[in-house]
Amino acid sequence: MKLKSGVDDVSKEGYFSLSWEGEVAESVRLEMASSENFEAIERKYMINRDGKITLSGYGDGTFYFRLRDSKSNEVSNFVVVNVEHWPLDKAVTFFFVGLTLFVCLISTLLVCTRIKKTD
């Protein structure tokens, strides 16, 4: 079993995809831990036969993932996923840019509608 990461360096949105090569048995689970030695498994995920899983809802931090076969106790390599959400100031900036564009669009539609009515 070989686990691959679909994340380039950092996930800015809190979601990411992981994939693996080859066939995996039904007893294989994806494990997540906060340290690379996997002393405490924090989450376990059932995986499908598609060879890929997308996970979401992660906060900022570093997360380690590996595959484990519960019958044979075989483990894969681990991959590291870093999650660093966009800073709040950028999110607020994007919001106000969108709001400005929305107000411009509505204003243009109202003005054009009034001009058409007067013609």
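Here are some friendly notes on the structure above, taken point by point.

1. **Ground rules.** This is a predicted model, in which local features need pLDDT of at least 70 and side-chain atom pairs count only at pLDDT 80 or more, while totals for chains, interfaces and linings use all residues. Residues are numbered from 1 along each chain as its sequence is written, and side-chain values use heavy atoms, with hydrogens and water left out.

2. **Secondary structure.** You will find 8 strands and 1 helix in the protein chain. Reading from the N terminus, the order is β-β-β-β-β-β-β-β-α. Here helices (H or I, at least four residues) and strands (E, at least two) are DSSP runs, numbered from the N terminus.

3. **Overall shape.** The radius of gyration of the protein chain is 23 Å, whereas a compact globule of 119 residues would have one near 14 Å. That radius is taken over C-alpha atoms, and the globule rule is 2.2 Å times the number of residues to the power 0.38. The C-alpha trace spans about 80 × 30 × 20 Å along its principal axes.

4. Of the 119 residues in the protein chain, 28% are buried (buried means under 20% relative accessible area, exposed over 50%, partly exposed in between, with a 1.4 Å probe and protein chains only). Among contacts with a separation of 6 or more, 58% link residues 24 or more positions apart; a contact means heavy atoms within 4.5 Å.

5. **A residue worth a look: Arg66.** Arg66 sits in strand 7 (residues 61-69). Is Arg66 buried or exposed? With a relative accessible area of 11%, Arg66 is buried. Leaving aside residues up to four places away in sequence, Arg66 touches Leu3, Arg29, Leu30, Glu31, Phe38, Ile41, Val75, Ser76, Asn77 and Phe78.

6. **Cysteines.** How many disulfides does a search of the whole structure find? The search finds 0, a disulfide being a pair of cysteine sulfur atoms within 2.5 Å. The closest cysteine sulfur to that of Cys104 belongs to Cys112 and is 13 Å away, which is too far for a bond. Both residues count as partly exposed: Cys104 has 42% relative accessibility, and Cys112 has 46%.
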